[in-house]
Amino acid sequence: GVADVVKINAGQIAGINVGDQFLISADKNILNQSLSMEGLSGLGLAKVHSVTAHAAILKYVAGPEWSQKAMLTRSVAMHF
């Protein structure tokens, strides 16, 4: 629905809580991406807005625009 919100398949059972932050990347090698300035510019930051037992809603905070919804389905979220 909303351009700055995304749902992930991890929730309270996985230790996720409201207020937690995630780095978002289209590259599955997110750790390697964070090692260069160019790679860092491609990372997004999102904050947990709400959480259930098995899912969490993340609200986009900073980083590249999430205008490409297709890219989000293949993105990786790393608990930050």
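# Strand order, core and confidence in a predicted model

β2 is mostly covered, with four of its five residues buried. The model discussed here is predicted.

Me: In what order do the five strands form the open sheet?
Reply: Four bridges join β1 to β4, and β3 and β4 pair over six bridges. The pairing is antiparallel, and the order of the open sheet is β1-β4-β3-β2-β5.

Me: Which are the edge strands?
Reply: The five strands form an open sheet in the order β1-β4-β3-β2-β5. An edge strand pairs on one side only, which holds for β1 and β5 (76-79).

Me: What does the twist average from one strand to the next?
Reply: The value concerns the open sheet of five strands, whose pairing is antiparallel. From one strand to the next, the twist averages 40°.

Me: What is the bridge partner of Leu23 in β5?
Reply: Towards β3, the bridge partner of Leu23 is Leu45. In β5, the bridge partner of Leu23 is Met78.

Me: Which residue in β4 is the bridge partner of Leu45?
Reply: β3 and β4 form a hairpin with four residues between them, and their antiparallel pairing runs over six bridges. Leu45 in β3 is the bridge partner of Leu23. In β4, the bridge partner of Leu45 is Ala62.

Me: What is the bridge partner of Val5 in β4?
Reply: β1 and β4 run antiparallel and are joined by four bridges. In β4, Val5 has as its bridge partner Lys59.

Me: Which element supplies the largest share of the largest nonpolar core?
Reply: The largest nonpolar core has ten residues: Val6, Ile8, Ile16, Phe22, Ile24, Ala46, Val48, Val51, Ala56 and Leu58. At least two residues of this core come from each of β1 (5-8), β2, β3 (44-51) and β4 (56-62). The largest share, three residues, comes from β3.

Me: Why does Ser25 count as buried?
Reply: Ser25 is found in strand β2 (residues 21-25). Leaving out residues up to four places away in sequence, Ser25 touches Ile30, Gln33, Leu43, Ser75 and Val76. A residue counts as buried under 20% relative accessible area. Ser25 therefore counts as buried, with a relative accessibility of 2%.

Me: Is Asn9 buried or exposed?
Reply: Asn9 lies in the loop between β1 and β2. The cut-off for an exposed residue is over 50% relative accessible area. The relative accessible area of Asn9 is 75%, so Asn9 is exposed.

Me: How many Å apart in space are Asn9 and His54, C-alpha to C-alpha?
Reply: Asn9 belongs to the loop between β1 and β2. Asn9 and His54 are 45 residues apart in sequence, and their C-alpha to C-alpha separation in space is 6.1 Å.

Me: Which residues are in contact with Pro64, leaving aside its neighbours within four places in sequence?
Reply: Pro64 is found in the loop between β4 and α3. With a relative accessible area of 33%, Pro64 is partly exposed. Pro64 and Ser41 are 23 residues apart in sequence and 7.3 Å apart in space, C-alpha to C-alpha. Leaving aside those neighbours, Pro64 is in contact with Ser41, Gly42, Leu43 and Gly44.

Me: What percentage of the accessible surface of the protein chain belongs to carbon and sulfur atoms?
Reply: Of the 80 residues of the protein chain, 29% count as buried. The accessible surface of the protein chain comes to about 5,200 Å², and the part belonging to carbon and sulfur atoms is 57%.

Me: Which element of the protein chain has the lowest mean pLDDT?
Reply: The protein chain averages a pLDDT of 82, and 85% of the residues score at least 70. Among the elements, β3 has the highest mean pLDDT (92), and the lowest (58) belongs to helix α3 (residues 69-72).

Key
Residues numbered from 1 in each chain as written. Predicted model: local features only at pLDDT ≥ 70, side-chain atom pairs only at ≥ 80, totals over all residues. Heavy atoms only, no water. Buried < 20%, exposed > 50% of the residue type's maximum accessible area, 1.4 Å probe, protein only. Areas by Shrake-Rupley, 256 points an atom, 1.4 Å probe, with all protein chains shown as cover. Contact = heavy atoms within 4.5 Å. Core = buried A, V, L, I, M, F, W, Y, C linked by side-chain atoms within 4.5 Å. Pairing = 2+ DSSP bridges. Axes fitted to C-alpha atoms, helices over the stretch in contact; angles between N-to-C directions. pLDDT = per-residue confidence, 0-100.
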